[in-house]
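These are my notebook entries on a structure that I looked up piece by piece. The sequence and the model come first.

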Amino acid sequence: MKTARRIPLLKKMLAQLGIEVERVRLDWVSASEGDRFATIVNEMTEQIRQLGPFNRNGGSENG
Amino acid sequence: MAKPKLALYWAAACGGCDVAVLDTNEKILDIANLADIVFWPIAVDFKYHHVKAMEDKSIDLCLFNGAIRSTEQEEIARLLRDKSKVMVAFGACACFGGIPALANFTNREEIFQRVYHEAPSNNNEDGTIPLLQTSVAEGELELPELFDTVLTLQQVVPVEYFVPGCPPPVDLILKLVDLYASGKLPPVGAVVASDKTLCDECERIKEEKKVTRLYRPHEIIPDPEKCLLEQGIICCGPATRGGCGLRCIEANMPCRGCFGPPPGVIDQGAKLVSAIASIYQGDSEEEIKKMVEEMVDPAGTFYRFGLADSMLKRKRLQQTEGRM
Amino acid sequence: MQKVTIDPITRLEGHGKIEIFLNDDGDVENAYLQIPELRGFEKFCEGRPVEEMPRITPRICGVCPGAHHMASTKATDAVYHVDPPPAAKKLRELFYCAHMIHSHIAHFYALAAPDFVLGPMSDPAYRNILGLVNKVGLEIGAEVIKHRAFAQDIQAVIGGKATHPVCGLPGGMSKPITEEEREDFEEKARSLVEFGKFSLKLFDDLVLANKEYLELITGDIYTMNSYYMGMVDSNNKVNFYDGDLRVVDPEDKEAAKFKAADYLDYIAEHTEPWSYLKFPFLKKVGWKGLVDGKDSGVYRVNSLARLNVADGMATPLAQAEYERMFDTLGGKPVHATLAFHWARLIELLYAAERLLELCQDNEITSPEVRTIPTATPDEGIGVVEAPRGVLIHHYKTDDKGIIEKVNLIVATVMNNPAMNMSVKKAAQGLIKKGQVASEGLLNMVEMAFRAYDPCMACATHALPGQMPLEVVIYKSQGEVVDRLSQHLH
């Protein structure tokens with residue numbers, strides 16, 4: 001599937017841009033896997049919390 | 001009636017856009033008949049003080065090339081914006097950041113460290129670096145400050161029109177001049193190029209094939225009639241605006257995106273990730289891993305000309321005490 | 001002290017300003033050529049695939065992108081230890097001759113000649129390419145435009161576009177040329193030879209025949225006794241595309257001859273806090289400050305330097321002109337800075353003659369223009385004579401050919417010390433006690449740097465980066481010739 005190919009490539013590119021790859025996660029969950037969905041979301045939330053806010057250091061700020 | 005006044009300026013640029021204007025060949029004489037060139041440092045001797053003395057909005061058309069990466073460049077961009085009725089971001093650097101915006105993978109401190117400290121040919125034991133102000137025996141000397149982040153022109157001042165390309169092809173330059181001279185300029189914000197993608201305009205044979213491996217340009221000799229992407233060579237055509245005349249494709253080399261994203265695409269790099277993922281055939285984890293490995297330098301390839309214009313705008317560096 | 005500023009300097013490629021300090025007597029105490037830009041190519045090219053360098057590095061300069069493209073392409077050959085087929089090398093050289101021609105025509109007619117045709121102190125509104133065409137007439141103006149267009153067209157056919165060409169790859173060229181294209185090039189080359197002759201005649205009539213200009217050229221204000229560096233072929237003739245680097249001292253004695261790979265043994269760089277551009281000098285002579293003479297390591301590159309350093313030109317018409325210039329100016333070496341303009345036109349003629357030779361080569365349309373590299377990439381150096389002087393591209397990659405380190409020594413930076421000194425000397429000679437530093441006089445100060453045809457974008461892109469490595473030098477067929485180690489201090 002296209003997404004399965006897109007995400008790993010996106011992660012490689014984001015890593016080059018200094019974005020932690022842990023901020024992106026790809027998983028496959030069906031509508032009947034409610035518990036699994038909750039687990040994944042909680043895991044991801046915790047992971048992001050540990051990484052901290054995303055600070056772009058960019059935009060139109062001049063160095 | 002006085003002729004309209006034309007100004008051309010270069011910021012963090014290479015001079016290629018100015019040479020492109022000269023490449024209009026004998027038509028440069030027509031341009032000179034049409035307008036008075038009041039500022040063009042590569043060819044004409046007017047200085048900054050001449051521009052400062054001009055009245056606001058007295059310059060009718062300003063073609064501004066180059067990205068903004070220093071206080072001087074920002075100052076002149078603002079100065080010319082004040083003095084000009086119409087400001088055109090001319091060339092890939094002014095439009096998207098261009099090649100100089102690859103410096104958004106790094107910052108000023110890292111560049112200085114390399115250039116003035118690490119170089120093996122340096123004869124610089126006392127670690128001299130360029131300073132914004134230096135006292136010499138006779139007085140004071142100043143240098144502008146370099147930014148950590150390279151900006152597009154529009155990120156600094158409002159811009160009416162965009163002419164993409166590295167450099168813009170002669171026919172688009174003449175098209176702009178023509179539109180201006182005949183009073184038929186498009187609505188503000190227009191990009192003077194095609195509204196299609198380069199892929200749409202490319203005449204190579206497309207067979208809707210998928211590829212099972214990617215090739216870097218020196219690894220194979222491509223068939224000059226067939227689509228490069230379908231031969232496994234990364235080409236940015238699917239997510240690049242057309243209008244360039246396919247100059248690189250005709251030299252049997254892939255597109256690297258100097259015309260920026262096509263209409264409707266906000267982030268050229270993200271779109272290209274999608275395009276490459278589409279063309280690759282392979283669903284197993286191994287095949288996908290292989291594709292990712294074969295796709296060298298995705299950020300530097302997909303944002304080759306547009307890093308400053310991308311959603312992220314620059315690489316996020318670790319928090320350091322240096323200026324960010 | 002009172003400060004007179006020229007900002008920006010004009011009719012050159014790139015950015016710069018000149019600050020002139022006047023003492024209480026109204027004489028020039030000192031003058032500084034400050035370069036306010038730096039883009040950082042050697043840093044931001046890290047992480048890029050080496051085969052993309054011939055497409056990235058031309059953006060160092062849009063006036064001489066062909067030079068960067070060629071030096072870069074040769075460096076990628078070296079990184080991959082691959083030898084392009086002979087037809088590819090000839091095609092590259094053909095492309096490169098066209099490039100030199102475009103650049104020299106652009107510089108002489110658009111940037112330099114207005115000072116001579118309109119006059120150095122003439123109205124700045126007309127002292128430019130447009131005023132020049134007005135003065136010399138549309139017919140001559142059209143010839144100038146047409147011939148530079150020929151040179152750009154040839155590059156565009158081979159390289160996709162003249163500004164930022166794409167044809168160079170490790171191992172060869174992206175495509176061959178057809179017989180039809182070759183015929184067209186040959187016709188253009190013949191016309192360019194005539195145009196080269198015409199340009200030299202124009203220089204004779206407009207500049208050398210004018211006593212005031214001749215005095216300016218031979219006078220002291222625009223003279224500097226420096227070392228010179230240039231590329232020469234195996235016969236010590238000027239070659240733009242390939243060869244060794246040779247240095248002569250201010251008295252025309254050979255001071256060094258070396259392979260480009262050894263450049264770090266010969267060239268070092270000094271830094272000043274008032275410019276982003278560094279100051280290269282000859283390591284073995286040493287940095288003695290902004291002074292000339294045999295004891296100072298300051299050296300010059302670009303057209304006059306190339307002619308000073310070589311024993312002659314490799315083509316007959318250019319050779320005759322070479323001899324005539326040295327006869328006229330009193331033998332070798334010529335230290336007159338304004339003679340760079342004359343030397344540049346002699347090179348224009350040589351490039352056109354060489355272009356014609358290559359167009360007539362029976363291998364030039366061969367379809368064999370690519371060798372696919374098979375060796376593991378690691379490190380390589382490519383050198384050419386850019387229109388503006390010696391140009392060195394030095395890359396180190398990982399075993400996948402991704403750039404780890406980049407070192408670039410770019411022509412105009414080598415002329416930075418000399419340009420500073422030329423500007424100061426001209427300012428001191430022209431602006432004296434109580435005289436108003438008029439626009440025209442300030443322009444004559446600018447003429448001191450303009451002769452160098454500087455490319456500030458080139459000079460400031462990049463400056464050498466860290467390179468603690470071993471350089472292995474291969475002969476064109478792959479045998480190891482030498483191994484050099486770079487030790488960090």
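The entries below go from the chains to single residues.

**Entry 1: Ground rules**

I noted that this is a predicted model, in which local features need pLDDT of at least 70, side-chain atom pairs count only at pLDDT 80 or more, and totals for chains, interfaces and linings use all residues. Residues are numbered from 1 along each chain as its sequence is written, while chains are lettered from A and ligands numbered from 1 in the order in which they are written.

**Entry 2: Which chains touch**

I looked up contacts, where two residues are in contact if their C-beta atoms, placed from the backbone, lie within 7 Å. Two pairs of chains touch, and chains B and C have the most contacts among them. I found no contact between chain A and chain C, whose closest C-alpha atoms are 9 Å apart.

Between chains B and C, 71 residues of chain B are in contact with 83 residues of chain C. I then asked which elements of chain B supply at least two residues each to the side that touches chain C. They are helix 1 (16–22), helix 2 (27–34), helix 6 (108–118), strand 6 (133–136), strand 7 (139–142) and helix 9 (247–250). Helices here are DSSP runs of H or I with at least four residues, strands are runs of E with at least two, and both are numbered from the N terminus. Helix 6 of chain B gives the largest share of this side, six residues.

By class, this side of chain B holds 41 nonpolar, 15 polar and 15 charged residues. Ala, Val, Leu, Ile, Met, Phe, Trp, Tyr, Cys and Pro count as nonpolar, Asp, Glu, Lys and Arg as charged, and the others, Gly among them, as polar.

**Entry 3: Chain B as a whole**

I recorded twelve helices and nine strands in chain B. Its C-alpha trace spans about 70 × 60 × 30 Å along the principal axes. A compact globule of 324 residues would have a radius of gyration near 20 Å, and the 22 Å of chain B agrees with this. The radius is taken over C-alpha atoms, and the globule rule is 2.2 Å times the number of residues to the power 0.38.

Buried residues make up 55% of the 324 residues in chain B. A residue is buried if 20 or more other C-beta atoms lie within 10 Å of its own, exposed if 12 or fewer, and partly exposed in between, with C-beta atoms placed from the backbone.

An automatic or database domain assignment sets the domain bounds. Chain B is divided into domain 1 (5–100 + 149–181), domain 2 (108–146) and domain 3 (198–302). The C-alpha centres of domains 2 and 3 of chain B lie 41 Å apart.

**Entry 4: Strand 6 of chain C**

Why is strand 6 (residues 227–232) of chain C largely enclosed by the rest of the structure? Six of its six residues are buried. In a regular strand the side chains alternate between the two faces of the sheet. On one side I found Tyr227(C), Met229(C) and Met231(C), and on the other Tyr228(C), Gly230(C) and Val232(C), all buried.

I then looked up its partners, given that two strands pair if DSSP finds at least two bridges between them. Strand 6 of chain C runs antiparallel to strand 7 (residues 244–248) of chain C, with five bridges, and Val232(C) stands opposite Asp244(C). Strand 6 of chain C runs parallel to strand 11 (residues 299–300) of chain C, with two bridges, and Tyr227(C) has Tyr299(C) as its bridge partner.

Most residues other than glycine have a negative phi, and most peptide bonds are trans. I looked for departures from this.

- The peptide bond from Cys166(B) to Pro167(B) is cis, with omega near -5°; Pro167(B) lies in the loop between strand 9 (161–163) and helix 7 (170–181) of chain B.
- Lys332(C) and Pro333(C) are joined by a cis peptide bond, with omega about -10°; Pro333(C) is in the loop between helix 11 (316–328) and helix 12 (339–359) of chain C.
- Arg11(C) has a positive phi, near 55°, and counts as buried because it has 25 C-beta neighbours inside 10 Å.
- Asp252(C) has a positive phi, near 75°, and counts as partly exposed because it has 14 C-beta neighbours inside 10 Å.
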